[in-house]
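Subject: Structure handover, pockets

Hello,

Here is the structure for your pocket work. My notes follow below it.

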Amino acid sequence: GSWGTCLALAYASKFKDRVLGMVLRAVFLFRPEELDFFCGPSGGARSLAPSAWRSFSSWLPSGLSSAPAVAAAFRRAALGKDGSISPSDALGKWRAWENHLFSLRQQDPKLSFSSTGDKDLPEVSPPKTPWPKATKFNIQALLTLHYVAEQGFLEEELLDSAKKFNFPLKMVHGRHDCICPAENARNLAAAAGSNAELLLTNAGHSQWDAENIDAFVRATDEIASECLVTY
C-alpha cells in the first residue's frame, strides 16, 4: 500500500513485460499535488486537521511554499542541522502527523496543485541534543521525508507509464483515505483503461480496515486466477 504501490508502479513502468498482474492498495503516484496534499503548507490535509498541523509545523521556518520544502526542513532537523529543534523532536512531529492522518476519516478529500517552490534552506547551527536512537520508526520517517524532499527521484510520470500496461491491474482504495486521496486511484484507473478495475471501499488508509482487507483478498484471488501459470 501507498509507498509500496509507488514502487510497484515504478517497477512495472520499466519492466512491464515481466509483470503478470498487480493488486494495489492505497494508490500513491508521487505527483506534486499528492505531496502538497500530504504535507504542503496550504490546503490539503492541513485543512482537515488544523490542530495536528499546528503541532507538526509550528517550528518550521517561514516562507516555505511546497511539500518538498517542508520535508527538506524536517530532513535538515532530523540530521542535526537545525538548532531550533532536536532530531528526536523533528522525527517525532513527522511521525505524529503521519499517524494522525492514518487514523483520520474524511469522505473523498480533494487534491489541489500548488507550485513546487524552492526546497533549499539556509545553513543553520546544529542542535545540542544528539541524533535519535535509530529505531525502525525513526529510520522509516527519515526515508519518507528524504524521498518527499527529492520528489521521489522518478524519471517519468507513473500515470504516463500506466497507459502502456498490458496486464490486469486491480486497485483497492478507501474513500476516506486522508494520506492518499481516492482521486489517485481514479486517475490511475483512467490511465490504465480496460486493464484496470477500481474497488472503492468505505475505509480509510489502514490496511487493517475490514473493508480494505476483504476487497484486497478478493482482488488477489481474482488476479491469481487470471494469471495462473501451469508448468
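The lining of the largest pocket comprises 11 nonpolar, six polar and four charged residues. (Nonpolar means Ala, Val, Leu, Ile, Met, Phe, Trp, Tyr, Cys and Pro; charged means Asp, Glu, Lys and Arg; the others, Gly among them, are polar.)

This is a predicted model: local features need pLDDT of at least 70, side-chain atom pairs count only at pLDDT 80 or more, and totals for chains, interfaces and linings use all residues. Residues are numbered from 1 along each chain as its sequence is written, and side-chain values use heavy atoms, without hydrogens and water.

A pocket is an open set of points on a 1 Å grid over the protein atoms alone, where a 1.4 Å probe fits, with protein on both sides within 12 Å along at least five of seven lines; lining residues have an atom within 4 Å of a point. Points are joined across faces, edges and corners, and volume is the space filled by probe spheres set on them.

Largest pocket:
- The volume is about 590 Å³.
- 21 residues line it; Trp 3, Glu 98, Phe 102, Gln 140 and His 205 lie nearest the centre.
- Helices H2 (32-39), H6 (87-103) and H7 (136-149) each supply at least two lining residues. (Helices are DSSP runs of H or I, at least four residues, numbered from the N terminus.)
- H7 has the largest share, five residues.

Second largest pocket:
- The volume is about 350 Å³.
- Of 19 lining residues, Leu 7, Ala 10, Tyr 147, Gly 152 and Leu 154 lie nearest the centre.
- H1 (3-14) gives the most, seven residues.
- The lining divides into 11 nonpolar, five polar and three charged residues.

Regards
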